[in-house]
Amino acid sequence: MTRIAIVTDIHHGLDNLAKKGSASLALMAEFARFVADSKPDLVLDLGDRITDSDHDTDLVLEREVAEAFAAIEAPILHINGNHDRDFLSVAENEAILGQPLGHRVIDAGDWRVVLWRADTKLHRPGGFRLAEPDLIWLEQVVRQADRPLLIASHVPLSGHDMTGNYWFERNQHVSRYPGSDRIRAVLARATVPVACVAGHVHWNSLTMLDAIPHFTLQSLVEISTTAPQPAGAWGLMQLDRKIDWEVFGLDPFAVRLDAARTVQRPLPCLPVFRDLALPVPLTVGG
């Protein structure tokens, strides 16, 4: 079994709307204690380590978060979020975190962890941009896979609906990549079990698309669901023949799935009902 501790949207910095950034470092200390106690095989940081301000301030904030991660002894893998990229380059993030931040595939027991580090720069106006080379890289990984894949990203790959989401119900265009349907088509061609996990949208969710589970994890410092206290959320994913996902903190969430079912594609969706050639309904009685 592979065990992965996951944290996202730490948002170290000033308090901002429903982000209690002033609590981030204290909560990171609690996360470090959780990792020490639970002893996962690795730790995933899904990005948005800071709430951006300006270039010089962001350098300081990112370094402070890197120091918080330094208290963790397990291997740590980072992904950039959009706030990590507003004023800082990928190279600056790499220098602070001490690791390359391009796409990467890592063997993790019987599974592989796929770090899909597509561009997370939030372009204004417009939103995120899906670069063709990023999609091609993902397609190659899925096509060549010979064992189950956990695909980690900052922005969810599902493109799922944000109704009820504090941040994104009225801002859905910046909750996803354009062309999410193309990403979904790539994943649907997988012949091995696949699960996806992401941050960015500040809520716990499970969306099943083409039998593939797409998990999102609540932000460490979000208060929209737990006010006035921050959620203090982090997750533990256990991967073998089952996918066990549990989120801890004040906004808990848990689910268990059969990994093999993620390969069993559902029937194609029906067309509009009025276009169906339905048989005449049977009548009961005389």
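What is the volume of the largest cavity? We will start there and then look around the rest of this predicted model.

## The cavity

The largest cavity has a volume of about 30 Å³. The count comes to one cavity of 30 Å³ or more. Its lining is made up of P156, L157, S158, C196, V197, A198, H214, F215 and T216.

Two strands stand out here: β7 and β9 (residues 212-216) each supply at least two residues of that lining.

## The chain as a whole

Stepping back, the protein chain contains five helices and 12 strands. Its C-alpha trace spans about 80 × 40 × 40 Å along the principal axes. A compact globule of 286 residues would have a radius of gyration near 19 Å, and the 20 Å of this protein chain agrees with that.

Of the 286 residues, 55% count as buried.

In soluble globular proteins, nonpolar side chains tend to be buried together. Here, the largest nonpolar core has 32 residues, and those with the most contacts inside it are W116, L138, L149, I151, Y177, I183 and L187. Helix α4, strand β6 (149-153), helix α5 (180-188) and strand β7 (194-198) each supply at least two residues of this core. The largest share, five residues, comes from α4.

Leaving aside its neighbours within four places in sequence, W116 touches a range of residues, including L138, I151, Y177 and I183. W116 is also in contact with L157, a residue that lines the largest cavity. A second, separate core has 28 residues, among them I4, A231, A233 and W245.

## A closer look at E139

Helix α4 covers residues 132-144, and E139 is found in it. Is E139 buried, exposed or partly exposed? E139 is partly exposed, because its relative accessible area of 23% falls between the 20% limit for buried and the 50% limit for exposed.

Beyond its neighbours within four places in sequence, E139 is in contact with V186 and R189. E139 and R189 are 50 residues apart in sequence, yet their C-alpha atoms are 8.8 Å apart in space. As for V186, the other contact of E139, its position falls within the 180-188 range of helix α5.

Conventions: Residues numbered from 1 in each chain as written. Predicted model: local features only at pLDDT ≥ 70, side-chain atom pairs only at ≥ 80, totals over all residues. Heavy atoms only, no water. Helix = DSSP H or I, 4+ residues; strand = E, 2+ residues; numbered from the N terminus. Buried < 20%, exposed > 50% of the residue type's maximum accessible area, 1.4 Å probe, protein only. Contact = heavy atoms within 4.5 Å. Core = buried A, V, L, I, M, F, W, Y, C linked by side-chain atoms within 4.5 Å. 1 Å grid on protein atoms, 1.4 Å probe; cavity = no way out; pocket = protein on both sides within 12 Å on 5 of 7 lines; lining within 4 Å. Points joined across faces, edges and corners; volume = space filled by probe spheres on them. Rg over C-alpha atoms; globule rule 2.2 N^0.38 Å.
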